[in-house]
Amino acid sequence: MNVGIVCPYSWDVPGGVKQHIDDLAQALIAQGHQVSVIAPAGDDAELPPYVTGAGRAVPVPYNGSVARMSFGFISAARVRRWIQEGDFDVLHIHEPLVPSLGVLACWAAKGPIVATFHASFTRSRAIAIAEPMLRSALEKLSGRIAVSDAARKSLVEQFGGDTVLIPNGVTVSRYTEAEPLEGFGPDGRTLGFLGRMDEPRKGLPVLLEAMELIPESRLLIAGPGEVKIPKSIRDRVTLLGMVSEQDKIRAYHSVDVFVAPNTGGESFGIVLAEAMSAGATVLASDIPAFRRVLGEGQAGALFANGDAEALAEEARKLLADPERRAKLSDEARVAVRKYDWSTVARDVVRVYETVTASAGRVEEDSLT
């Protein structure tokens, strides 16, 4: 099957949706499909052979974060040309409600079109204003996928219709083996955090507050952005900044407890799946998406969202109990298998097969 995939966010900036699309593309290629991805990217960006750049992205506040998107005449022209030349059996658009390439692709194409919705959202003034435009795009969809119950619920309540639930994927084998980072390694006192340091909903301030209550611990932080570390804990915190994919995997193998203190806005939690694949003991806030991935606490420990004291108490218990950490690690390795891309990609292909069974190929829509 010849698949065209539309990424709304800049290809050269790390993010869960971009990683999802990259992993899906590679999984589909490994299963024998032909894949082309179009994504925001500057003309000088280094891209894999299956990715086409659609023009430089600009930062836009979205869903409690700042996303880098493309939306304009240059991007629209490149999307149309990509569709014309692609001869796709199916077009797979990610986050078509985001004002980026997905909307442009919906307008520019007709035929078998599938969309994946990653984020949960609430009705807002912005959505109400944009609803007529968004509906004109959604009406072209032949199939809809949501990565979580929260994302599915938001979509159905806002726009109606049916949506298939297919969770995010993770390439489990990529994370299972790695050497710890130099100077690190599970030692009974190391906590870890991975995420955008300066994005409030990632919850790093909660973790830093908790560190004041765990004087015997140290903290390894990886991710983009800047954060001010309190002087009282500065000598126990290591900031790696942006890391390579290889060093990210090594970081998962360098800690005793991986902490995900996210306060909201998560529809799945790919960092949890990655940490679970690495066999890390996970401690996460009890937001719905994390509870689901961790099996309500069977595959990882949970603490009350936003409560630094609860985080500290649970972290102290885990650091003091290697047997419990080992049990949670074993449970995590088992639980994460259902999210492996070898399984998830096959589920996505079934959606492709359904929408292409009674339709022609993807074509340019000259009427829009």
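Good morning. Helix H13, residues 341-356, lies across strands E1, E6, E8 (113-117) and E9, and runs at about 130° to E6. Axes here are lines fitted to C-alpha atoms, for helices over the stretch in contact, with angles from 0 to 180 degrees between N-to-C directions. Helices (H or I, at least four residues) and strands (E, at least two) are DSSP runs, numbered from the N terminus.

This is a predicted model, in which local features need pLDDT of at least 70 and side-chain atom pairs count only at pLDDT 80 or more, while totals for chains, interfaces and linings use all residues. Residues are numbered from 1 along each chain as its sequence is written, and side-chain values use heavy atoms, with hydrogens and water left out.

I turn to the sheet. Seven strands form an open sheet with parallel pairing, in the order E3-E2-E1-E6-E8-E9-E10. Strands E3 (51-53) and E10 (164-165) stand at the edges with a single partner strand each, so one side of each has no neighbour in the sheet. Pairing requires that DSSP find at least two bridges between two strands; E9 (residues 143-146) and E10 pair over two bridges, in the parallel sense. Ala 146 stands opposite Leu 165 in E10. Helix H2 (residues 73-86) also packs on the sheet, touching E1 (2-6), E2 (34-39), E3 and E6 (90-94), and its direction makes about 170° with that of E2.

By contrast, Ala 320, in the loop between helices H11 (308-319) and H12 (322-335), counts as exposed at 66% relative accessibility. The C-alpha atoms of Ala 320 and Arg 189 are separated by 8.4 Å, although these residues are 131 apart along the chain.

Which elements each supply at least two residues of the lining of the largest cavity? They are strand E11 (190-194), strand E12 (218-222) and helix H8 (245-252). The lining includes Phe 193, Ile 221 and Tyr 252. Thank you.

Key. Contact = heavy atoms within 4.5 Å. Buried < 20%, exposed > 50% of the residue type's maximum accessible area, 1.4 Å probe, protein only. 1 Å grid on protein atoms, 1.4 Å probe; cavity = no way out; pocket = protein on both sides within 12 Å on 5 of 7 lines; lining within 4 Å.
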